[in-house]
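Colleague: I'm new to reading protein models. Could you show me how to look at salt bridges and disulfides?

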Amino acid sequence: MKQKSEIFLLMLIITISTAIVSSVAFISPSLKNDGSHFILRNAENIKENGIPLYNDQLSYGGRTNMFNPGTPFLIAGLLTIFPKSVALYIIPVLIASTISIAIYFITKKLTKKNTIAFFTSIMSISLPVYIQNTTNSINTIFITIPLMFFAIFYFINIGEGKKNIYPFLITIIGLALITPHILILGLILITYAILLRTTNIVIEQNQKEAIIFTVFFAIWSQFLIYKNALTIHGPAIIWQNIPLEILQNFFTDLELVAIITYIGIVPLVCGVYALYKYTFISRDPKLYMIIASTGVITALLLLRLLPLEIGLIYLGLLLTICTGLFIVKSTEFIKETKYKQYHKLSGILIMSIFAITTGSSTIIALQEKPFIDNTKLETYAWIKENIPENSTLLTTLEEGHSLTYYTNRKNIIDTHFLGIHDINERANDIRIMYISPSIVKALQLLNFYEVDFILMDYAYQKYNVDRLRYADTECVVPIYTKEEPRRITIFEVKCIVSSERN
Amino acid sequence: MKKTKKGMLKKEKKESYFSNTTITYHNAQRIGLIFFLIVGITLIAYNTITFNGLMQPTAIDIVRSAEAKTTNDELTGKQWNAFTARPLQFITQLIPIEITLVIISTIIISIIAYIIWQFNQPLLFLVIPISPFFIQISTEITSLTVALVMSLITLFTLFKKQPLIAIIPYTITALYNPFMTLILFIYIAYEIYYEKISKKFLPAFLIIASLSVMYMPTTASIITFNPTHFIEFGEVTALSIIVLIIGLCGFILFYKKEKKATLLTISGIIITLLNIETGLILLTIMSIYYTTKLIEKLIQEKWESPELQFLSVCLIACSILISSITYVTAFTPMNDEQKECYAWLNNNITNQTTIFAHWNDGSRIAFYTNNKVITDNYLQEPFNTEKTTNIETTIASRNKEMTQNILTFYETTHIFLTRENSPTNIWEKRNGILFLLDTTDLAEKEFANTECEIWKINSQE
């Protein structure tokens, strides 16, 4: 295939994908997930003051934040250049869809077949879990995943000459600024080196050098950003100070049906089969990079060090690459049978099965309702108008960032756990504040966290309660109620029993 | 491969990024030494100008021990190490303590510089001065520093095959620190086993080590491992975690070649389990040694991509340097409100009452206010662990009875709490002892500002 038509086809894939996903995003009233609001608040602060919110006065009632500043700076830059709708709903999708380019080139490198590489690139941007996490979202994932796969691609090619060193350096510097996932890349590279050593394959000198540099750079760069978190949490930082209640739920959804829904049956079956076959047969170092990546991601998922959905994105994309290898293998197999004239159809057949089995999941992922819907936005608007500034609101941790973004009021928990002391105690206290039947117990905690108002929305569903059991007394009174389309209530805390908790 | 004018293929020579350098080995030694001395002198000068700003609160204790007339510390109830306190008390009769400390620091730096010079490792001259360890050793004079320097001299004389001379620094080490002596003895036993040192020296080294261990503090017999030492890497023990990681990489690469260094590292790990302060300081030195070896290897090897080689070396150097900067910035001088707290204590409580305070505040209270405290952070004090545990428990507790018992046991009359040394959840959320003080009649508040609170304990009927 000529290079021009290759580029044209890739651009076509990206354009179609961006157009479809962006059109869905435009219909949505807000960004889909809570984490996006954290990025957006930081980006707007950068736009106004030049720096991210490292000293956040609203999160947890005031705290010091630790995070990679790359994404907020990128979004701030986009907001400066483009209108908000383009900066938030089109460009991130465009960046996310560049994953198809990375997957195309990696598969092409491994299989040397352009057509199969195109198949896998289409599969990659259709993965339900990837669509779900990048549509209408400016969470770091939209840029982290493409950068990781570009880094893998340039690393595989690094032995071919100097031209690949600089792009590789740029990708890893970008990764270091954007995400701590650069540490995963370091781990993958170390595993790759160990794998080659155990199979007596000599590692290329350039790759060896790149591994040394990447590992040191990854550790050092993240150490600089997260040093304070390290001094607070110690080695437990690898669990990111995630409260136990969330950590325990990491694997409750990890069922085969869920995995099939997230990444599709075709990449799962074909990818795992190809991986199994090539792990024990192939002597190709390039393939070992994919094997190492899959091994590391699977291990991290099993050790609960990587959130399920993010882990499945990596796994899904790696298995998609492996599906490309499966197509090559199956084509070769068909060539040896009496149906050899149909060998070219194997790829089309697999793509068709992929489209049939995963299509519905992809469409569902595209249409997934945002966490912040119009009803919630109305509530937030009411809070902003009617609740005094400097007030603290009790929310679930899933609502923390959106509350601070839309209302400019303090929360007592959100999904940024690093640097927070006694996070488990806090998470448990929040649960008690929502479900406790005892007004005294609840008030002690409400006073301890200096809560002025209680937002009951997602809490009804999360804690499976139909009302705030201690409300309707003189101390905790409802001040805002909405019954349709779902019940939302805001209570005001009027009493002080003690500034301490038991 | 390149084609020459004659059309012959000529193999491209892969050069190290650093191969173009014209610096000779001897010049490198000289340049390194100058750099080493400049950093050393700057540190000493900075430390002197800031009134020992880089060694608080240990500095206070050293000054107090030098100004005392005995080795008993009446205010904290501890015993100073006689081998540190007595010579200091003698010298300070002739020279002011500030100048004495500068002289000691200069001697330490000179000894280290001499040892490095003799080792012919120019790179050590560049790596050591930018490490947090160097800042600590050149600015913080304790009995541990003396023991460490003497151990280095012992090792140096042993490398130079002078076991007879080595007995002198070895004996001085034994007087100051039994753990350091144990490490040295393990090394000496190894050398004797491989016949690098004559067997006839074994009894002498063994007797000195045994005598030293006999006088080991009672708390040393149990493992005093505390995870917070590792959490506070780079701030308290001058062991930066990044240097440790790089050192670990160096160890993995060189443990087979560098058998003596490996032995010292393993000894350091074992001693760390027995006595964390001594063990960690040895591990710090070994980490820096391995880091230097790693940098040396990176520089000497011919890389396919010199850009990555240059960046890797710069990266390691920067990471060590930034750890040092973090170490220095971790020390902040007292602000006005903190000074006000000690001034209030000094002006209002002058009858040598015992004050309940965090051990890190203990040294300052004794020095600035001349009042007794339960303990300070003098690590060699035998019953310090029990005292610090009691203080820690009391600060965190909301059990009135237990708090009252501990306060009565130590005959305390006042409670002194600071924002700096109280856990965040206790100070900011008024939890633990502050909850008790707020809600019970345990004590009356006498003074408070944003940095401290002073409470007078109500006498029990």
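This is a predicted model: local features need pLDDT of at least 70, side-chain atom pairs count only at pLDDT 80 or more; totals for chains, interfaces and linings use all residues.

Colleague: What is the idea behind a salt bridge, and how many salt bridges does the structure hold over all chains?

Modeller: Side chains of opposite charge can pair when their charged atoms come close. Over all chains, the count here is 19 salt bridges. Take A:Arg486 and A:Asp373: their closest N and O atoms are 2.5 Å apart. This pair links distant parts of the chain, 113 residues apart. You'll find A:Arg486 in the loop between strands E6 and E7 of chain A, and A:Asp373 in the loop between helices H17 and H18.

Colleague: Which other residue forms a salt bridge with A:Arg486?

Modeller: A:Asp457 does, with the closest N and O atoms 2.8 Å apart. That residue sits in the loop between strand E5 and helix H22 of chain A, 29 residues from A:Arg486. Now step back: A:Asp373, A:Lys376, A:Glu399, A:Asp457 and A:Arg486 are linked in a network of salt bridges.

Colleague: Is A:Asp457 buried or exposed?

Modeller: Buried, because its relative accessibility is 7% and the cut-off for buried is under 20%. A:Arg486, at 27%, counts as partly exposed, and so does A:Asp373, at 22%.

Colleague: On to the cysteines. What is a disulfide, and how many are there over all chains?

Modeller: A disulfide is a covalent bond between the sulfur atoms of two cysteines. The count comes to two over all chains. One joins A:Cys475 to A:Cys495, with an S to S distance of 2.0 Å. Those two cysteines are 20 residues apart and link distant parts of the chain: A:Cys475 is in the loop between H22 and E6, A:Cys495 in the segment after E7. Another disulfide is formed by B:Cys341 and B:Cys452, whose sulfur atoms are 2.1 Å apart. B:Cys341 lies in helix H16 and B:Cys452 in strand E9 of chain B, so the bond ties together parts 111 residues apart in sequence.

Colleague: Why is the disulfide of B:Cys341 and B:Cys452 called left-handed?

Modeller: Look at the torsion about the S-S bond: it's about -105 degrees, so the disulfide is left-handed. For A:Cys475 and A:Cys495 the torsion is about -90 degrees, so that disulfide is left-handed too.

Methods
Residues are numbered from 1 along each chain as its sequence is written. Chains are lettered from A and ligands numbered from 1 in the order in which they are written. Side-chain values use heavy atoms; hydrogens and water are left out. A salt bridge is a side-chain nitrogen of Lys or Arg within 4 Å of a carboxyl oxygen of Asp or Glu. Helices (H or I, at least four residues) and strands (E, at least two) are DSSP runs, numbered from the N terminus. Buried means under 20% relative accessible area, exposed over 50%, partly exposed in between (1.4 Å probe, protein chains only). A disulfide is a pair of cysteine sulfur atoms within 2.5 Å.
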